[in-house]
Amino acid sequence: MNKLYSLLLAFWVSFTALGQTGYHIKGNVKGVKPEAFTLAHYFGASQYITKDTAQADANGNLVFEGAKALPGGLYMILSPSKKRVMDLIIGAEQHFSFSTDTANIVGHMQVKGSPDSELYYKYQQHVSGYTSEINLLQRQLQFRQDLMTTTKINNLRRQLMEYYKQFAQENSNSLTGKIMRAGAEVELPTPPKRPDGKPDSAWLFHYYKAHFWDNFDFSDERLVRTPILQRKIDRYMQELTLQQTDSLIQSADFIIEKALKAGNKEMQAYCIWYLTNQAENPTIIGGDAVFVHLADKYYLGGLMPITDPTTVENIREKVNTIKPVLVGKTMPALSLTDTAGKAISLNDLKNKYVILFFYDPDCGHCRQSTPALKALQEKYKTTLDLQVFAASVARAPEQWKKYIRDFGVQNWVHGYDYSFRINFRKDYDVNNTPMIYVLDKNKKIIARRIPVEQLESFLDYYEQTLSAK
């Protein structure tokens with residue numbers, strides 16, 4: 001969990017607790033041990049926020065209660081080992097009871113006094129009848145393939161989908177209905193045909209993407225406390241968006257704009273936070289620009305509604321560090337001293353490609369990467385006019401020189417900061433080592449934060465794109 005995430009999450013917990021009323025949730029779960037259970041709400045699909053704990057007695061009775069009402073959403077009850085036991089929908093009515101059995105949580109669930117949770121389990125219990133019958137028929141097919149059984153399965157699946165749609169439509173104002181509608185697949189019309197007479201699949205894709213968010217209610221903050229929002233964002237960004245910087249920025253802005261227009265602050269805050277948080281660790285070359293854009297526009301631009309001054313200042317510092325060394329920018333000047341005691345500048349190198357390698361001689365990952373980088377430089381020194389400029393960030397000159405001897409990399413250009421005036425973290429975004437930049441002959445950054453193992457394939461690809469122009 002990174003620092004920015006921890007700060008905002010702590011602030012969020014205190015924010016959602018303001019101005020609430022009480023709750024009293026009484027449960028009986030046959031089969032559980034007399035242990036402490038946790039009540040928590042989803043925070044996206046992979047996180048949850050604890051709201052209360054309750055001790056179960058020998059008969060499986062437990063009570064969650066508090067003086068302030070819980071924020072609405074999809075909750076889970078967790079065992080002492082943090083295993084999810086069941087879900088509950090908590091809405092406006094927060095004085096209710098439930099009973100069930102660990103032998104079949106869904107099948108035996110009975111809820112009284114909570115229309116939201118009653119609907120949630122009514123749907124699941126009805127669906128379980130369909131799924132049980134489908135599973136039975138599928139097992140029969142393993143032993144005997146016949147058209148009648150296959151037809152029955154298809155008919156049951158069709159009935160199940162029709163029930164899904166009808167239930168979601170009839171209960172569209174409930175949280176259960178909104179979750180179901182939000183998770184439903186986009187209904188695709190018949191596409192136009194291409195000149196060759198085949199269906200236009202590209203048209204279908206663009207239609208699907210354009211209508212992906214149609215049934216999601218950005219004005220309902222309760223959906224933040226369900227897994228559905230994170231899952232939809234992930235799918236939209238990872239599967240429906242071209243994995244290039246400009247496309248990712250456009251898609252992120254599109255989602256956030258929908259939240260901003262809907263007017264709910266928690267929804268806005270989650271969308272901004274989650275997309276920015278995901279962009280902090282990009283999976284594509286140049287992806288840092290997505291983080292810089294989102295942080296600059298929404299956090300530093302004052303559009304993030306739930307945050308605190310410390311988080312904003314941390315983000316400002318990170319943006320100011322990353323922005324000058326983004327892909328496409330010219331690498332800031334770097335002057336060091338070589339092993340002979342002479343000044344050496346990055347700008348002195350006239351090679352077609354320069355691998356700028358920031359490292360610590362004692363860093364295990366740096367030492368593991370060095371042989372591969374050495375082999376790459378030897379392979380491409382002539383064919384691509386490639387040189388390595390190795391800058392030690394450690395304040396230990398003897399270790400620096402020993403590292404050069406031990407790995408036999410005397411043909412690299414080596415530099416050391418004897419003045420100890422360079423702040424490598426702030427000036428060159430070297431938070432971890434090794435940190436690698438790939439520069440062209442003009443010292444323009446064409447890649448950064450790229451593992452040594454991916455350098456060869458990147459250079460080959462980059463050369464191919466240059467040849468194609």
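C271 counts as buried because its relative accessibility is 0%, where buried means under 20% relative accessible area, computed with a 1.4 Å probe on protein chains only. C363 likewise counts as buried, at 12% relative accessibility. The structure holds zero disulfides, a disulfide being a pair of cysteine sulfur atoms within 2.5 Å.

This is a predicted model, in which local features need pLDDT of at least 70 and side-chain atom pairs count only at pLDDT 80 or more, while totals for chains, interfaces and linings use all residues. Residues are numbered from 1 along each chain as its sequence is written, and side-chain values use heavy atoms, with hydrogens and water left out.

Strand β7 covers residues 95–101, strands being DSSP runs of E with at least two residues and helices runs of H or I with at least four, numbered from the N terminus. In a regular strand the side chains alternate between the two faces of the sheet. In β7, F96, F98 and T100 form the covered face, whereas H95, S97, S99 and D101 lie on the uncovered one. The pairings of β7 are listed below; two strands pair if DSSP finds at least two bridges between them.

| Partner of β7 | Sense | Bridges |
|---|---|---|
| β1 (residues 23–30) | parallel | seven bridges |
| β8 (residues 110–112) | antiparallel | three bridges |

Within these pairings, G27 stands opposite F98 in β7, and S99 stands opposite Q110 in β8.

Helix α7 (residues 245–262) and helix α9 (residues 288–299) have axes that come within 9 Å and cross at roughly 30°, the axes being lines fitted to C-alpha atoms over the stretch in contact, with angles from 0 to 180 degrees between N-to-C directions. α7 and α9 are therefore roughly parallel to each other, a term for angles under 35 degrees.

Note on methods: Buried < 20%, exposed > 50% of the residue type's maximum accessible area, 1.4 Å probe, protein only. Parallel < 35°, antiparallel > 145°, perpendicular 65-115°, else oblique.
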